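Hi,

Here is the structure I promised to pass on.

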Amino acid sequence: MEERKPKLSIRNLQKQFGDNTILRGVDIDVYSQEVIVIIGPSGSGKSTLLRCINGLESINGGEVYIDDCKIEYTPSALQQVRQRIGMVFQSYNLFPHLTVIENLLLAPMKVQKRAKSEVLPQARELLEQVGLLDKADSYPAQLSGGQQQRVAIARSLVMNPEVLLFDEVTSALDPERVRDVLDVMKDLASRGTTMLIVTHEMGFGRDVGDRIIFMDQGVIVEQGPPEVVFGNPQEERTRQFLRNAM
Amino acid sequence: MSFDFGYIIDTLPLLLTGLKMTLFISVFSILFSLIIGMGGAVIRTLKIPVLSQLVVVYVDLIRNTPLLVHVFFLYFGLPAFGIKLSAVAVGIIALSLWGGAFAAENFRGGTDAVPHALIESGQSLGLSTWQIVSHVIIPLGFRISFPAFSNTAVSVIKNSAYMTSIGVAELTFMAVDRMAYDFKTYEMLLTIAVIYLILIWGTSYLFGRIERKLDFNNKTKKGSGLNGSVIKKFGLSSRRTD
Ligand SMILES: Nc1ncnc2c1ncn2[C@@H]1O[C@H](COP(=O)(O)OP(=O)(O)OP(=O)(O)O)[C@@H](O)[C@H]1O
Ligand SMILES: [Mg+2]
């Protein structure tokens, strides 16, 4: 059998803020079309990990590879990498002075230099996919949190990223809005999108994840298929966390 | 003492040529103030080394010295260095530098208030620093600090009267010049005061209109406007359920 190469490969990643060590050597291989769900207590370094992958934080040790190509942490190299690795944040961060459709068009046109005539149909299709085509000309402030978050997901998708990072994208939402966003992500998973998802929604993680990673204090404590990590965790720390989280 | 209306009517055409010059100088000076001010604000917000310190020195220098001294320096001082500028050019340069220093402070309030999360969201989409500046920081910073800038713009118009001192034929100069012949002192001064008032009111009205146009949050059903907190303003945490 041909050896499968990981799409994204994180090797011995280390990160410090001053004297504070946040990531103590993290290794993850993400394969194409795989959905990885990262769980762990607050402060365990989950957001920091995603931010390092996306180059929003510099790293103090280790490497990140995308398709065997090592990510260099220089501004111009990162600009390239960020077109291939999309990120969705907890606080949506839509550009408030642009309409929904303008939010989607900005990066493809400015960064990828694609023609509007080419991007627009794709952008509209993505809005349709997240159920918000009728909001194309609204401003972000006119949308609910859940709607803004779905626009933010569409905004990442229109760049045609190879990997999508999600950092607790439902944590800022009203409970009744969470479902819509999770449904969009499930839909993406079923379409074979490669995703790294940090979430506190354990039920969702179990449903959607091909592999679950439990992190604590900057290291991966345990990882495996959802049945194992949720159903029969091997580590005491995982059991303790899940008891408190469920 | 009677108010000589007929005299005012007679001199009105003359005053209007002065008003034209006032407008000419003011429009260009406000435009340049805007450009200098926004440039300075972005440099300060991005903390670009050297340039940032230069902006601080420039703003401090201009704000803590009298405008009249700038005008005299440009008009009477520069020729010593072999640079001879027309009075109108000096007027525009002096007012632009003055307005630019104040506008840099105005706009910096806005560019600094752009949430870091939005800059990161631009970065995560692969936008370059310059693209983030031109598509996120400037448009948002401009909207936030536009009301403050409109005060500076109004001051630029009022300060154009200083150009009388170097003989620019603007509104105040025309009036004072005429007064020396006719001794209709209070008619003349009252008249130009009224003209300035109308001009300033008109400008304030215009800027108010622009402000409302720029206010993307006014387009919301809530219409929270630009008066709320920055976060509310940006709809960053706005979670409307509908
Ligand atoms: N910019 C920063 N400067 C200093 N310390 C930071 C910075 N960002 C994060 N930290 C620290 O790093 C640690 C890990 O933070 P991180 O946000 O990655 O945790 P997390 O697992 O995402 O937690 P949560 O579930 O609460 O989001 C925390 O102790 C935090 O205080
Ligand atoms: Mg986090």
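Below is what I found, starting with the ligand and then going chain by chain.

First, some housekeeping: this is a predicted model, where local features need pLDDT of at least 70 and side-chain atom pairs count only at pLDDT 80 or more, while totals for chains, interfaces and linings use all residues. Residues are numbered from 1 along each chain as its sequence is written, chains are lettered from A and ligands numbered from 1 in the order in which they are written, and side-chain values use heavy atoms, with hydrogens and water left out.

**Ligand 1**

The residues around ligand 1 include Phe17(A), Ile22(A), Lys46(A), Thr48(A) and His200(A); to be listed, a residue needs a heavy atom within 4 Å of the ligand. By class, this shell has 3 nonpolar, 7 polar and 2 charged residues. Nonpolar here covers Ala, Val, Leu, Ile, Met, Phe, Trp, Tyr, Cys and Pro, charged covers Asp, Glu, Lys and Arg, and the others, Gly among them, are polar. Helix H1 of chain A (residues 46–53) gives the most to the shell, with 3 residues.

Some distances to oxygen atoms of the ligand may interest you. A polar side-chain atom of Ser42(A) lies 2.5 Å from one, and for Glu168(A) a polar side-chain atom is at 3.2 Å. Gly43(A) uses its backbone instead, with an N or O atom 2.8 Å from a ligand oxygen. Taken alone, ligand 1 exposes 640 Å², and the protein buries 60% of that (accessible areas are Shrake-Rupley with a 1.4 Å probe; for residues, only the protein chains shown count as cover).

**Chain A**

Chain A comes to 9 helices and 10 strands; these are DSSP runs, H or I of at least four residues for helices and E of at least two for strands, numbered from the N terminus. Of its 246 residues, 59% count as buried, meaning under 20% relative accessible area with a 1.4 Å probe, protein chains only. The C-alpha atoms fill a box of roughly 50 × 45 × 40 Å along the principal axes. Chain A has an accessible surface of about 10200 Å², with 42% belonging to carbon and sulfur atoms.

**Chain B**

Chain B has 9 helices and 0 strands. Of the 242 residues of chain B, 48% count as buried. Chain B exposes about 12000 Å², and carbon and sulfur atoms supply 68% of it.

Cheers

Methods: A polar contact is a pair of N or O atoms within 3.5 Å; within protein, one must be able to donate a hydrogen and the other to accept it, and residues adjacent in sequence count only if both atoms are side-chain atoms. Buried means under 20% relative accessible area, exposed over 50%, partly exposed in between (1.4 Å probe, protein chains only).
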